[in-house]
Amino acid sequence: MSTFPTVRLRRTRQNETLRSLVRETHLAVEQLVYPLFIAEGLNEPREVPSMPGIMQWPLEHLGREAERIARLGIPAVLLFGLPNEKDEVGSQAYASQGVVQQAIRRLKAATPDLLVITDVCLCEYTSHGHCGVIHNGDVQNDESLKLLAQMALSHVEAGADLVAPSDMMDGRVGAIRRILDEHGFSQAPIMAYSAKYASGFYGPFREAAGSAPQFGDRRSYQMDPANIREALREIDLDIAEGADIVMVKPAMAYMDVIRRVRDHCDLPLAAYNVSGEFSMIKAAGRNGWIDERRVTMEVLTGIRRAGADIIITYFAPDVAQWLKD
Ligand code: PBG
């Protein structure tokens with residue numbers, strides 16, 4: 001093997017044109033999904049205190065925001081709802097006039113080509129804040145499946161393009177696939193939050209979505225951050241049950257999981273750059289401790305390099321603009 005001085009790796013780093021010629025990983029706006037929080041009964045957009053620039057949107061403002069997102073070239077949004085009423089079984093999650101169901105109809109009317117993906121999970125709709133039904137202090141798996149399937153069906157009936165179950169109940173992808181097929185929606189794809197870890201990085205999201213568990217935590221259904229072989233089992237089960245796209249979440253502390261999953265299967269792979277990852281960069285950037293734009297691009301490029309095809313990120317509009325600059 002040749003070595004220095006015949007080999008000089010600095011030769012191809014001399015200027016930006018050369019560097020871009022040999023660049024191995026590309027970040028493009030087509031790969032981004034932007035999460036949106038929609039709040040029932042809100043009059044004006046309300047900024048989430050721990051997530052600068054991220055709003056809870058009233059239904060009436062959605063059309064204009066969707067047009068802005070579409071103009072930036074962002075292909076898809078991921079919807080989360082904040083209902084007026086919560087109860088033990090999350091009834092508003094699968095109500096035809098629920099906040100997300102209304103939001104889907106408005107978005108599809110305003111920007112028909114913008115893909116609408118919906119988060120399928122009960123935690124924003126249950127009074128106890130857990131992702132399924134509770135009996136004897138624990139989340140009941142099989143009973144929750146029926147409600148989650150109803151929720152996914154109601155989203156697709158309202159016009160959602162894809163559904164994304166994030167609850168981490170066993171068997172939910174299969175339950176959703178079955179109910180969609182039975183109702184004539186065999187073309188509606190499922191993006192499964194397959195390897196979703198019980199993470200401290202969801203902190204700001206729980207403020208944004210009003211979904212903090214009122215007792216206990218999510219460790220009996222979300223994954224232990226220490227495990228990676230188990231992530232591959234989750235992925236395999238979701239594929240067997242009919243997932244069209246699989247996901248690893250969070251992203252930054254789980255890049256090894258993204259790489260393993262990418263090497264393990266051939267499905268499109270999404271990574272969720274979650275709320276805490278966003279807030280940390282925003283906070284440090286605002287303090288002048290890091291360069292927000294540079295660090296954001298570095299993190300998202302790292303997630304792509306790890307193997308993600310799709311990145312769900314609160315930075316999507318910023319990145320879309322930076323990619324144009
Ligand atoms: C719902 C859900 C959560 C996130 C996405 N879907 C919160 C949770 O599981 O506690 C987190 C997203 C983020 O932190 O940006 N279950």
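Helices (H or I, at least four residues) and strands (E, at least two) are taken here as DSSP runs, numbered from the N terminus. The model is a predicted one, so to speak of a local feature takes a pLDDT of at least 70 and to count a side-chain atom pair takes pLDDT 80 or more, while totals for chains, interfaces and linings use all residues. Residue numbers run from 1 along each chain as its sequence is written, and side-chain values rest on heavy atoms, with hydrogens and water left out.

Salt bridges make a handy starting point. The term covers a side-chain nitrogen of Lys or Arg within 4 Å of a carboxyl oxygen of Asp or Glu. Searching the whole structure turns up 14 of them. As for exposure, buried stands for under 20% relative accessible area, exposed for over 50%, and partly exposed for anything in between (1.4 Å probe, protein chains only). Asp263 has 57% relative accessibility and so counts as exposed, whereas Arg259, at 33%, counts as partly exposed.

Another residue of helix α8 is Arg262. Arg262 has a relative accessibility of 18%, so it counts as buried. A polar atom of the Arg262 side chain lies 2.7 Å from the backbone oxygen of Cys265.

Glu16 meets Arg19 side chain to side chain, at 3.2 Å from N to O. These two are three residues apart in helix α1, and so about one helical turn lies between them. Glu16 also forms a salt bridge with Arg23, where the closest N and O atoms are 3.2 Å apart.

The segment before α1 has features of its own. Arg8 is found there, and at 43% relative accessibility Arg8 counts as partly exposed. Together with Arg10, Arg11 and Arg13, Arg8 gathers in a patch of positive charge on the surface. Patches are built from residues with over 30% relative accessible area and no salt bridge, with like charges joined within 9 Å and nonpolar side chains (Val, Leu, Ile, Met, Phe, Trp, Tyr) within 5 Å. Pro5 also has its place in the segment before α1 (16–21). A cis peptide bond joins Phe4 to Pro5, with omega at about 10°.

A cis peptide bond turns up between Lys249 and Pro250 too, with an omega of about -10°. Pro250 belongs to the loop between β10 (245–249) and α8 (255–264).

Backbone phi angles bring up two further residues. Asn136 is a residue other than glycine with a positive phi, near 50°. Asn136 lies in the loop that runs between β6 (133–135) and β7 (138–140), and its relative accessibility of 83% makes it count as exposed. Met168, likewise not a glycine, has a positive phi near 70°. The loop between β8 (162–165) and α5 (172–182) is where Met168 has its place. Met168 counts as buried, at 5% relative accessibility.

Helix α5 itself holds Gly174. At 7% relative accessibility, Gly174 counts as buried. The C-alpha atom of Gly174 is separated by 9.4 Å from that of Ile239, a residue 65 positions away along the chain.

Notes:
Accessible areas come from the Shrake-Rupley method with a 1.4 Å probe; for residues, only the protein chains shown count as cover. Lys and Arg count as positive and Asp and Glu as negative; His and the chain ends are not counted. The place of a charge is taken as NZ of Lys, CZ of Arg, CG of Asp or CD of Glu. A polar contact is a pair of N or O atoms within 3.5 Å; within protein, one must be able to donate a hydrogen and the other to accept it, and residues adjacent in sequence count only if both atoms are side-chain atoms.
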